[in-house]
Amino acid sequence: MSIYQRSESQRDLGAVPHTGEDVLPDGHLVEPQAGDFRHARAAPSDPEWFKRAVFYEVLVRAFRDDDGNGSGDLRGLTTRLDYLRWLGVDCLWLPPFYASPLRDGGYDISDFRAVLPEFGTVEDFVVLLDEAHRRGIRVITDLVMNHTSDQHPWFQESRRDPDGPYGDFYVWGDDDSAYPEARIIFVDAEVSNWTYDPVRGQFYWHRFFSHQPDLNFENPEVGEAMVDVLRFWLDLGIDGFRLDAVPYLFEQEGTNCENLPRTHEFLKRCRKVVDDEYPDRVLLAEANQWPADVVPYFGNSDVGGDECHMAFHFPLMPRIFMAVRRESRFPISEILAQTPRIPSGAQWGIFLRNHDELTLEMVTDDERDYMYAEYASDPRMKANLGIRRRLAPLLDNDRNQLELFTALLLSLPGSPMLYYGDEIGMGDNIWLGDRDSVRTPMQWTPDRNAGFSSCDPARIYLPVIMDPVYGYQSVNIEAQSNSTQSLLNWTRRMIHVRHEHPAFGLGTFAELGSSNPSVLAYLRRFETPGGDEPDVVVCVNNLSRFPQPVELDLSEHAGEVPVELTGRVRFPPVGELPYLLTLPGHGFYWFQITRDQEAP
Amino acid sequence: MTQQETSSVIAELADTLRDWLPEQRWFAGKDRPVHAVTAVRTVRLDGGDPQLVHAVVEVEQGEPKPDRYQLILGLRSDVPEHLGHAWVTALGDRVVYQAIHDPELTALLLDLLAEGAEVDGLSFGHEPGVDLDPTQRSRPIGAEQSNTSLVYGQSYILKLFRRLVPGTSADLELHRALAGVGCVHIAAPLGAIEGELDGEPVTLGMLTEFLPNTADGWAMATASVRDLLAEPGAYPDEVGGDFASEAHRLGHAVGTVHADLARALGSSEAGPGDLSTLATAMHARLDAAQQAVPELAHYEVALRAAFDEVRTVGGPVPMQRIHGDLHLGQVLRSVTGWVLIDFEGEPSAPLAERVAPASPLRDVGGMLRSFDYAAHHMLVGEVDPDQHATAALEWAGRNREAFCDGYAEVAGDPREQAVLLHAFELDKAVYEVVYEHAHRPGWLPIPLVAIARITGHGDTRHDR
C-alpha cells in the first residue's frame, strides 16, 4: 500500500530497522523505537562529570576496523575502550554515525534512528555504550537539528505530498525572496539560501548546502519529532549531544535568522526534557561565534543555566597558536579577559585541533581586524587558518611545544577535547586534501595497515601515514606505550595529574600578571565543599623558545609551599617578595600551593 | 609622642639622613655631598605604635636652591623581622624605618584618601565619584628611578613623588584632563595627596587605577628583537615574534592620547618665534653635550644644519600639551590595549618647561628613538655586532613605520613633517649620547650610529 519511495541511502539499510520501513494509514512513516533495542547500562551518577572530563574526539571510520572491510566501525572502537580508559579519557565525542549519503561528512543525516551500515547497527552502538559505561567512559555524539539530508524520508515525503503529514516539515516558498538578510554561510558552494525543487514546484530554505534542507521549526510537529529523536538515543543510554548549527533553527523576516529568541526557547525545551527525564546527560552547543555571543546558549544564569551545559570556546585555539608564535601572552590574555562569566552549571569545551577550524567570517569585526592584522602578514599563520593540519606537524614535531600546548589545553578553563592520534603525535597527509588529511587511520602498531585493519592495504578507506617522520612504523601506540619517555606516556601522566585536582575542571581562573610578556601564569582555585583546604593550582607557561625568568605575586599565599605536580618536588615556600621562577624555552610548571608543611 | 616631639624627629635624625638619603635610589643629588638636612614640615598621621610620620625635608648640597624631598617614616618600639630591611635608624627606644614597606601604616594613607581627610596642611582626596575600598593591602613595587609606588591589592597604585617642586604635577594634571575627555589609554586617576610648598600647591602623591597583568613596551619589543636575532638571515616580517601589529596599535594609542590632550587642554599653532626658540634650545643642548662628549664633533655640522632647518619649517605646526618623555618603558600593554604612564615630562627639566605646549612630534621622535634602542641594545658587547646590524636596522625600520601608520590613523602622519621629526630624533639622540657617556659607555654607539644614519653620514655600523 505504500507509495513511499525509499531513497538510496535508505535502501542501504536493507533489513535493519529504519525510518519509513512502513507507513501508517494517515501517511506517517513508522520510525524505530528505543524499546525495540536493548539499552546500555548507565554510567556512574555524577551531575558535574562534564566539567571535570577529558573528552576525546574519535572518528569511528578511523579508529579500528573490526570486520576487515577497510573502514573503521563501532565494534572496532569497542575493542579499543581499554586503551582509552588506560589513557584517562572520560568521554568520547563521536561525529555523526547516522545513516547518511555522506555528502557532508555524515552531518547530512538521512535517518536519525539508524546507524550508517558501514559503521554497524544500533545494536553495535548499544554494545559500545554499555562497554564504555562499564569502564566509566561516557559517549556523546553530534546531532544536527537544523536540517536533514535531502535523502531523509521526511524530505522525500515533504516534496512529494505538500498536503501530507510531512508537507510542512521544511521551509518552502513560492519564490526565493524571503529572509534576504540571512547571509550565505558556504559562500564557496552556494549562491542562495533557497533552492528550487522541481518535484514540489517550490523553493526550499537551506542555511548550509542545498542538499541539506532546513527543518521548519515553526511547525510544532517538527520540534516534537526532534525531541523524540533526542529521547530515542537517550533511552538507549547515550550521555549527551553536541548540537550542531544551533543558531539557525528558526527564521524570522527582518532578521539575519541567527540566535533568534524562539531558537533559545526550543533549546530550553530540550534542556527541560534532559533535566526531567535524563539526569547526568549533557547538551553541547556548537555555535562558532564570539564568546560573548555564545554565552546566551548556556541560558539563564540565575538558575545556573537552562539551555546547553557546554559550548565550544572557538577563538581560544588560534590565540594559543598566535601567542606561542609571538612569544607573547597577550593574544591569550585578551581573549580570556573578553570571555564573560558563564552560569554555574555550565562549562566551556576547549581544543587545539578538531575538524572545526576558526573561520574569519564567524567573528566580530574587531576580532576579524585583529586576526587579519596578526595573520595576514604572516603567510604561515594565514595558511594554518584554512588548512587542516594535525598538532604535531603544525608544531614542527617539536616535543617541547607539543608538551606546552597540551599542558595549556589541560589547564586553561574549560574541558579539554583531544583529537584522536594527537596523543602519539600523529602526522597528516596533505595530499589527501583538506578534509581527509587529518582523518587517516589510527596508528596502533608497526604492522600491516598500522594495526588498524586486517584488510588488503589497497582496500583501506584512506592510506595510513607512511612518511619517514610520522609513519606508522615509528609513530604508533604499541611503540609509545612501551617507552616511558614517549609523548603518549607523557600525555597520559598529565591527564592523570589533571584528574587528581578538581581545580582544573571546577576551579576559578585568575591570571597572574608579570612583567615578562612571554610568560603566561594563572591560578586555578577550587573551594572544597567540606571547607577543607582549597585545591589551589598555579600554572606557569613560557611561550618563548628562550629560557625566561618570571616574578609572580603570590603574596596572598605567603608561607605556603608550591609542590610541582608531576614529580612532587617541593619548591621554596612563598614569601612576601615576588616569587622567582626560571623556565626553560617552551617550559611550563604546574604547582599545587599547599599549606601543609609536610609533603602532601 | 606628641606633635611637638614629631616635629623634632627630623632634627634628631639629621645626621643619619645625611648618610641615608644618598643611598636611596630616588635621591637625585648623589653626585654632590650632603651638607645638611632640615625639616620643612613634619606631620604625624597616626599617633600610636607604630606611628606614621610624613616629612618634607630640605637637603643642603651647596646649591642656591636646595632640593626638597618627601619622606614617609614609621616609628615602632618593636620591628618585626620582615621589616628589617626597611630599618633607617634607632631613635631612643624606637626604631625609625621606611613606612612604605609596612602594610599596617600604608593602609592609613588609603584610609585618608578614601575619607578625603585634611591633616595639618596635607590634603587627601579622591576624584569626584570615586569610591575607594580601604581594605586593600599594599606592597611597594621595586626598581623605580625617581618615585616610590605602592600597589594596593590588585586595585590601586599610589605614586609618591620624592623630589618635590612647587606646583601641581604634570602627571596629575594630565591624567585628570585625559580622564575628563574619556581617554581609554591611561590608568584612571582616583585621588591625590596635595600640600603646600613655598606658598604654592604641591603634589605629593597620585592614586590611579592599578592595571594588573601588564607588560611594558620595552619588554614586549625586546622579546620580538630576540626572536629575530635568533633567525639569521630572516626578515622581521617572517619570524613569529613580529612586533609590527603591536607597534601599529601603539602608534594608534599615542595618536589618540595626543588628540585627547588637544581636545582637553587646547592646541595652538607655532609661530616662527616658537620654532626659532626650539632650534635655539636644540643648539644649546648640543653645545653642552659637546663639552662632555667630544666624539659629537664629527657630526656637528650636520646636526646644526638639521636644527637650523627647524626655523624654516613651513605649514602649520600644532603645539599642545604632550607626554614629554615618551619611550617604550612608559607604555604598558594591558589585556585591552596600550596604556601610557608617567606624564611628568622629562624629569630633569624645570616644571615651567615641562608644562609648556610643545609639538607632539617630540613624543613621536622619542618613541622612534626607543624602537631604535630596542633593536640595537642586544648588539652591545657582541664580538661581531655587524652580524646582526642589518636585522636590527630592519626591525627598527619596520616597527617605526608601523608605529607611524597607527599614529597617522588618528592624528597627522608624523612623516609629513620630516624636518621637525628628524630634528626631534636628533635632539633626543644627543641627549642619549650624554646619558650613555656618563652612565653606560658601552651603549654609546647606539645613539652615535643613529645620529650618523639620520644625518646621512653613511656609516651605520657599530664602529666601536
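Predicted model: local features only at pLDDT ≥ 70, side-chain atom pairs only at ≥ 80, totals over all residues.

Trainee: What makes up the area that chain B buries against chain A?
Mentor: B:Asn213, B:Gly240 and B:Val335 supply 26% of it, more than any other three residues.

Trainee: How many residues does the contact take from each of chain B and chain A?
Mentor: With heavy atoms within 4.5 Å as the cut-off, chain B gives 25 residues and chain A gives 24.

Trainee: Which secondary structure elements are there in chain B, and how many?
Mentor: Chain B has 13 helices and 18 strands.

Trainee: Why is chain B called as compact as a globular protein of its length?
Mentor: The globule rule gives 23 Å for 464 residues, and the radius of gyration of chain B is 24 Å, close to that value, so the description holds. Along the principal axes, its C-alpha atoms fill a box of roughly 70 × 50 × 45 Å.

Trainee: How many of the residues of chain B count as buried?
Mentor: The label needs under 20% relative accessible area, and 54% of the 464 residues of chain B count as buried.

Trainee: What about charge in chain B?
Mentor: There are 35 positive and 69 negative side chains in chain B, yet the centres of the two sets lie 1 Å apart.

Technical notes: Residues numbered from 1 in each chain as written. Chains lettered and ligands numbered in written order. Heavy atoms only, no water. Helix = DSSP H or I, 4+ residues; strand = E, 2+ residues; numbered from the N terminus. Rg over C-alpha atoms; globule rule 2.2 N^0.38 Å. Buried < 20%, exposed > 50% of the residue type's maximum accessible area, 1.4 Å probe, protein only. Lys, Arg positive; Asp, Glu negative; His and termini not counted. Charge placed at Lys NZ, Arg CZ, Asp CG, Glu CD. Buried area = accessible area lost by both parts, 1.4 Å probe.
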